[in-house]
Amino acid sequence: MFPDDQEEEQVEQNGFVTWLDERTGIRELSHEALDEPIPGGARWAYVFGSGLLYILLSQIVTGVFLAMYYVASADHAHATVNYIIKQVSGGSFVRSLHSYGSSAMVVTLILHLAQTYFWGSYKGKREILWLSGLTLFGLVISMAFTGYLLPWDQKAYFATAVGTNIASEVPLVGEWLKLLMRGGSEMGTLTLSRFFVAHVFLIPAGIFAFVGLHVYLFRKAGSAGPMDADPIEPEMETEQFYPRQVIYDIIFATILIGFLGVLSYLMPMELGPKANPADTQFLPRPEWYYLPIFQWLKYWNGPMVIVGIIIIPLVIIGLLAGLPFYDRGEERRPWMRPIASFSFLLVLGGLVFLGWQSGDDDANDPAVIKQITKQNEQTEKFMKAPFEPEISGATLAAQNVALLDPLATKGKKLYADNSCDGCHGENGEGTDSGPELKGIGSKLDQVALAKLLREPTKKMTDGDMDPVEVPDDEMNALIAYLNSLK
Amino acid sequence: MNELRPFPSPTNEEEEFEGGDLKRRTFLGWLLSGGTLTIGALLSIPLVRFAIYPLTTKTTETIWSDLGAVDEFESVTAPVKKVITITQIDGWRKIISEKSVYVDRNEAGDLKVLSAICPHLGCSTRWDEVSTNFFCPCHNGKFAQSGQLVSGPPPRGMDELESRITEGRLEVHYQLFRQLIKTKEILA
């Protein structure tokens with residue numbers, strides 16, 4: 001267009017880049033990052049790995065923002081999530097993006113795994129790379145599991161109750177494992193704290209470490225290239241990562257995140273009513289990616305349970321993890337390794353079938369349909385209800401006095417009428433002018449307390465405490481109120 | 001090695017490698033960074049709105065507390081103590097507290113509401129029917145029925161609160177005022 005202008009700009013830019021390069025070594029860094037050779041050239045098939053990095057980035061950012069309002073306590077978690085989605089600008093969108101992001105992560109992870117598997121890209125000195133990838137798979141699944149509880153609504157609570165119960169089926173350490181996860185024998189606020197710490201500190205630390213290792217090992221081994229290439233020495237024409245593969249990757253990530261954005265905007269993630277552990281009717285259903293496991297567990301009962309939930313999954317995981325160790329042939333094309341390809345499709349098909357079966361079971365059980373419909377209606381109702389701030393516990397305690405003991409209520413009125421609150425605080429919490437009265441009932445008995453009020457000590461009168469001159473019945477009421485202060 | 005697809009680099013770009021390819025790479029670099037920045041900026045809109053939400057909500061919203069039906073105060077000749085419930089919204093929680101006020105009539109015969117908090121150090125004043133004075137037990141501050149300072153250390157008279165009558169009910173806008181100063185200054 002304007003060749004002269006562009007020429008000039010380039011010189012200018014190079015000047016700046018040179019300045020920056022001398023101080024940071026940015027040219028070598030970007031050469032390292034962008035000029036990685038891809039044997040056989042850029043392909044759409046290779047976009048899943050960087051797609052995962054983009055979703056991870058989105059999860060980190062939305063997660064950090066959500067933490068700005070979220071409180072990890074059984075008392076407040078639900079109220080804060082409700083506040084986020086009903087009050088905070090863009091709150092429902094950010095939360096939905098984070099929530100749908102977890103599903104997108106699982107889907108893209110399966111695609112990434114399938115691509116690596118069918119392309120035979122785990123071959124050729126890539127054992128550790130493969131294992132680090134499988135570890136990341138486990139970490140991402142754990143993120144989904146721990147994150148699910150955090151909103152503390154009915155389905156979160158009951159799905160996690162079931163999930164942690166499953167852990168107790170593990171032989172020998174099962175019961176202990178369940179206690180460790182729950183922070184006690186029952187689900188409660190300690191469970192929520194543990195899940196929060198795992199979701200926000202522990203597992204992310206693992207993910208960062210393993211993503212670093214995974215990317216480093218990938219660069220070390222190099223791109224494996226098309227499925228007909230030699231995995232170690234491809235002997236093919238190469239194309240640099242930048243620009244074509246970068247463009248493919250960015251297009252994929254943009255479509256993916258754009259799709260999540262549209263979904264979050266049009267169909268925001270719902271929040272159900274607050275968890276009610278006393279509810280015996282609630283039918284928990286896990287997130288879609290856990291449905292196959294959920295269904296699988298239905299088939300195993302009694303002593304055979306150990307086969308179903310421990311032995312078979314362990315064998316499958318072991319076979320998958322050991323793949324690059326025992327499948328050492330150089331052949332990579334999936335149609336030339338029918339056993340490997342068939343096994344993968346069998347497991348994947350099995351999982352899809354189980355998931356479908358789970359939905360089908362529910363759809364054919366009138367009692368289940370009725371209960372699920374009821375639950376959905378409760379969720380709809382809750383979503384439509386306006387936001388109601390949570391009443392702060394401390395003030396609630398003061399109000400509850402009225403409900404518990406009429407004598408104490410009368411005493412509270414006397415306490416205010418005699419201006420006791422002026423120095424000792426509205427609820428006996430104490431002020432600069434007078435000490436706290438909470439717990440005084442446990443230090444002094446009724447008689448001693450009445451005597452002290454009628455005849456304050458010198459220390460008390462020095463602090464402007466007047467003798468309380470009231471009839472006996474009023475004194476009793478006042479003491480009843482003082483005793484209620486805890 | 002049966003189907004190696006060629007990709008657009010060999011012939012025509014080699015010729016203009018020095019000028020063309022580098023320029024193409026730079027151009028694509030700008031395009032990509034520009035695109036990425038645009039997408040990033042778009043995505044950050046909801047995030048920024050999310051983060052600054054508390055700043056955009058009104059915090060100085062006037063909250064009126066109910067004192068009861070006006071008829072109730074028909075025969076008021078001396079200050080009547082009333083306890084009102086104040087609700088403060090703090091993010092996702094609601095703090096409920098109780099405050100005492102006195103309802104009385106001014107010279108013109110209209111209802112008025114006084115805060116029971118002594119402007120000296122914040123103790124609660126009490127109405128003494130015998131001496132027809134408000135009395136603060138902490139440091140013996142004395143106020144007339146109108147709220148004017150009579151004697152004692154308080155720097156000013158009792159603070160009158162904004163009140164109104166809506167649909168036959170007396171309502172008060174409860175506020176706290178700075179203590180120990182001569183003028184009535186609202187505490188934020």
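User: Two strands pair if DSSP finds at least two bridges between them. Which residue stands opposite B:T87 in strand 3 of chain B?

Analyst: This is a predicted model, in which local features need pLDDT of at least 70 and side-chain atom pairs count only at pLDDT 80 or more, while totals for chains, interfaces and linings use all residues. Residues are numbered from 1 along each chain as its sequence is written, chains are lettered from A and ligands numbered from 1 in the order in which they are written, and side-chain values use heavy atoms, without hydrogens and water. Strands of a sheet pair through backbone hydrogen bonds, either parallel or antiparallel. In this case, B:T87 faces B:I96 of strand 3 of chain B. Strand 2 (residues 80-90) and strand 3 (residues 93-105) of chain B are antiparallel and share eleven bridges. Strands (E, at least two residues) and helices (H or I, at least four) are DSSP runs numbered from the N terminus. Two residues lie between the strands of this hairpin, where B:G91 has a positive phi near 60°.

User: In what order do the four strands of the open sheet in chain B stand?

Analyst: The order is 5-6-7-8, with antiparallel pairing. Strand 5 (126-128) and strand 8 (149-151) of chain B are the edges; each has a single partner strand, so one side of each lacks a neighbour in the sheet. From one strand to the next the twist averages 35°. Within the sheet, strand 6 (residues 133-136) and strand 7 (residues 141-143) of chain B are joined by three bridges, and B:C136 has B:G141 as its bridge partner in strand 7.

User: At what angle do helix 4 and helix 5 of chain A pack?

Analyst: Axes are lines fitted to C-alpha atoms, for helices over the stretch in contact, and angles between N-to-C directions run from 0 to 180 degrees. Angles under 35 degrees are called roughly parallel, over 145 roughly antiparallel, 65 to 115 roughly perpendicular, and the rest oblique. Helix 4 (residues 77-86) and helix 5 (residues 91-118) of chain A pack at about 115°, their axes being 5 Å apart. Helix 4 and helix 5 of chain A are therefore roughly perpendicular. With contact taken as heavy atoms within 4.5 Å, A:V81, A:I84 and A:I85 of helix 4 meet A:G91, A:S92 and A:R95 of helix 5.

User: At what angle do helix 16 and helix 21 of chain A pack?

Analyst: For helix 16 (residues 406-417) and helix 21 (residues 472-484) of chain A the angle is about 100°, with axes 7 Å apart. Helix 16 is thus roughly perpendicular to helix 21 of chain A. Among the residues in this contact are A:L407 and A:Y415 of helix 16 and A:D473 and A:Y481 of helix 21.

User: How many salt bridges does the structure hold over all chains?

Analyst: Side chains of opposite charge can pair when their charged atoms come close. The criterion is a side-chain nitrogen of Lys or Arg within 4 Å of a carboxyl oxygen of Asp or Glu. The structure holds 21 salt bridges over all chains. One of them joins A:E36 and A:R219, at 3.4 Å from N to O. This pair links distant parts of the chain, 183 residues apart: A:E36 lies in the loop between helix 2 (26-34) and strand 1 (37-39) of chain A, and A:R219 in helix 9 (residues 189-221) of chain A. Across the interface of chain B and chain A the rule finds one; B:K94 forms a salt bridge with A:E388, where the closest N and O atoms are 3.2 Å apart.

User: Which peptide bond is cis, with omega near 5°?

Analyst: Most residues other than glycine have a negative phi, and most peptide bonds are trans. The bond from A:Y242 to A:P243 is cis, and A:P243 belongs to helix 10 (residues 241-266) of chain A. As for phi, A:L172 has a positive value of about 65° although it is not a glycine; A:L172 is in the loop between helix 7 (154-167) and helix 8 (174-182) of chain A.
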